[in-house]
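Subject: Structure for your files

Hello,

Here is the structure I said I would send. Please open it next to this message.

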Amino acid sequence: MAAPRKYPDELRERATRLAVEARRDPASAGGAIKRIADQLGVHPEALRTWVKQAETDEGTRPGTTTTEAAGRVMATV
């Protein structure tokens, strides 16, 4: 059984969206993750992880997308 999530999905989605948008704007990109994490009461490393995954899912960062990872899990079950 998976551990319960520390942050609600709505907060996670909002924080991720705000950080991804802020990182796209060169004027607000510097320190965006830390700033937004502090404003929303989220640990900066948690937000950084969510942003990396969101950017991978968008195709703007290389890596394994959420869909690909889910397919791998299903293939091994």
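The model is predicted: local features need pLDDT of at least 70 and side-chain atom pairs count only at pLDDT 80 or more, while totals for chains, interfaces and linings use all residues. Residues are numbered from 1 along each chain as its sequence is written, and side-chain values use heavy atoms, with hydrogens and water left out.

Overall layout

The chain has four helices and zero strands, in the order α-α-α-α along the sequence. Helices (H or I, at least four residues) and strands (E, at least two) are DSSP runs, numbered from the N terminus. Along the principal axes, the C-alpha atoms fill a box of roughly 45 × 30 × 15 Å.

Of the 77 residues, 29% are buried (under 20% relative accessible area; exposed is over 50% and partly exposed is in between, with a 1.4 Å probe and protein chains only). The chain exposes about 5600 Å², 55% of it from carbon and sulfur atoms (Shrake-Rupley method, 1.4 Å probe; for residues, only the protein chains shown count as cover). Of the contacts between residues at least 6 apart in sequence, 41% join residues at least 24 apart; a contact means heavy atoms within 4.5 Å.

Helix 2

In helix 2 (residues 32–40), the buried residues are Ala-32, Ile-33, Ile-36, Ala-37 and Leu-40. Viewed down the helix axis they fall within an arc of 120°, so they line one face of helix 2; the arc is that of the directions from the helix axis to the C-beta atoms. An α-helix has 3.6 residues a turn, so residues three or four places apart point the same way. The cover over the buried residues of helix 2 includes helix 1 and helix 3. Just after helix 2, Gly-41 has a positive phi of about 75°.

The aromatic pair

The structure holds one aromatic pair. Tyr-7 and Trp-50 form it, edge-to-face, at 5.5 Å centre to centre and 85° between the planes. Rings of Phe, Tyr and Trp (its six-membered ring) pair if their centres lie within 6.5 Å; planes under 30 degrees apart are stacked, over 60 edge-to-face and the rest tilted. Tyr-7 lies in the segment before helix 1 (9–24) and Trp-50 in helix 3 (residues 44–58), so this pair links distant parts of the chain, 43 residues apart. Tyr-7 counts as buried at 14% relative accessibility, and Trp-50 is buried too, at 10%.

Regards
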